[in-house]
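Subject: Structure handover

Hello,

Here is the structure we talked about. Please open it alongside this email; my notes on the strands and helices follow.

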Amino acid sequence: MALASPRGAAPTAPVTAHQAGQTQGRTAPAVLRRPPRTAAPARTAGHGTHPAAGDPGPAEPARPQGGRDAAGPEEGEHPQHPGNPGPGVPPAALPDRDAPAAEGTADSPGTVRLAVHTADPITRLALVSYVRQFPHLALTRWGAAADIVVAALENPDAAAIGALRRQLPGDPQLLLIVEGAWTANLHSALDAGVRAVIFRHDFTWDRFGEALRQVQAGHGDLPTELQGRLMDQVRQTHREVLTPRGLTPGGLTLREADVLRLVAEGYELQDIGSKLGYSERTIKNVLYGVIKRHRLRNRAHAVAYAIRCGLI
């Protein structure tokens, strides 16, 4: 699956912070619109003959040792066009060369570690070149710790997402580029860390940059068709699983939610017991159960948890 080069389209920055002087109207990545290199001046000998002795012609500048062609693009530079990566960047080697864009930047304050996974070397080259525009996004090797993982999958199902997740250390956020149809359970996908999905037919560099921005901010970015499917699953879970068992979406029982609501209103435990028809000891046991089950620190933390769940 190769991504089309967005010729003439200015990519949207995937994060809110930019270098000084950068704006959203910036030009497309150099990998997509790099001017052709100027060839060395040709030797003129006339009628195809060799130059005369003692006239070697203009010499080609010598390449410095350890130059770009030997070690790949320098920091801040972009590779050549995906269709012509050049002798120093063989396409077959790209999936195994997920080196960071700049050594030592992954541990810098405010830096977001990002890994790219795709079987197609051209797609990977285009994604990497786009990400390298932003110095606070540090590319990491595949399998190393990362905060965000961009992966291209075809017809993702539960097995494919599970296999991808098992290869990743830590708990990264996943941004998936989907070529075919989505068949995975959305609850399971979200539990595996999926935060954003872009279907291949909807892919643009602006769309990709916006998805990166949302994932980095801790938000989600799903296509509308997956949003509707997720809403249906949430409603079904609430009706068929939670309500018959007296549970709320946050994992609290209805009685626990009532107790925490009264604690948030400032009532003492004895008053709460009187209002709900329980003893003070029962109210203490209810609060202790909530704190222990959800690994909270105290009653104030339990109230804050209920607020985040939308119960108060």
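Two strands count as paired if DSSP finds at least two bridges between them. Keep in mind that this is a predicted model.

**The sheet**

Strand 1 (residues 112-117) and strand 2 (residues 137-139) meet that rule, with 3 bridges joining them. They run parallel. Arg113 has Ala138 of strand 2 as its bridge partner. Leu114 stands opposite Leu139, also in strand 2.

How does the chain get from strand 1 to strand 2, and which hand does the crossover have? The path goes through helix 2 (residues 121-131), and this β-α-β crossover is right-handed.

Strand 1 also pairs with strand 3 (residues 148-153). The sense is parallel, over 4 bridges. Here His117 faces Ala151 of strand 3.

The axes of helix 2 and helix 5 come within 12 Å and cross at roughly 60 degrees. Angles of 65 to 115 degrees count as roughly perpendicular. Helix 2 and helix 5 are therefore oblique to each other. Their crossing is right-handed. Helix 2 brings Ala126, Leu127 and Tyr130 to the contact, and helix 5 brings Trp205, Phe208 and Gly209. By class, that gives 5 nonpolar residues, 1 polar and no charged.

**Helix 7 and its two partners**

Helix 7 (residues 254-264) packs against helix 9 (residues 280-293) with the axes 10 Å apart. The angle is about 100 degrees, so the two are roughly perpendicular to each other. On the helix 7 side, the contact uses Arg255, Glu256, Val259, Leu260 and Val263. On the helix 9 side, Thr282, Ile283, Val286, Leu287, Val290 and Arg293 take part. The residues of this contact divide into 7 nonpolar, 1 polar and 3 charged.

The other partner is helix 10 (residues 299-308). Its axis and that of helix 7 come within 10 Å and cross at roughly 110 degrees. That makes helix 7 roughly perpendicular to helix 10. The crossing is left-handed. Leu260, Val263 and Ala264 of helix 7 meet Ala302, Val303 and Ala306 of helix 10. What classes of residue make up the contact of helix 7 with helix 10? There are 6 nonpolar, no polar and no charged.

Best wishes

Terms used
Residues are numbered from 1 along each chain as its sequence is written. This is a predicted model: local features need pLDDT of at least 70, side-chain atom pairs count only at pLDDT 80 or more; totals for chains, interfaces and linings use all residues. Side-chain values use heavy atoms; hydrogens and water are left out. A crossover is right-handed if, with the strands pointing away from the viewer, the path from the first strand over the helix to the second runs clockwise. Axes are lines fitted to C-alpha atoms, for helices over the stretch in contact, and angles run from 0 to 180 degrees between N-to-C directions. Angles under 35 degrees count as roughly parallel, over 145 as roughly antiparallel, 65 to 115 as roughly perpendicular and the rest as oblique. Contact means heavy atoms within 4.5 Å. Ala, Val, Leu, Ile, Met, Phe, Trp, Tyr, Cys and Pro count as nonpolar, Asp, Glu, Lys and Arg as charged, and the others, Gly among them, as polar. A crossing is left-handed if the near helix is turned anticlockwise from the far one by less than a right angle, and right-handed if clockwise.
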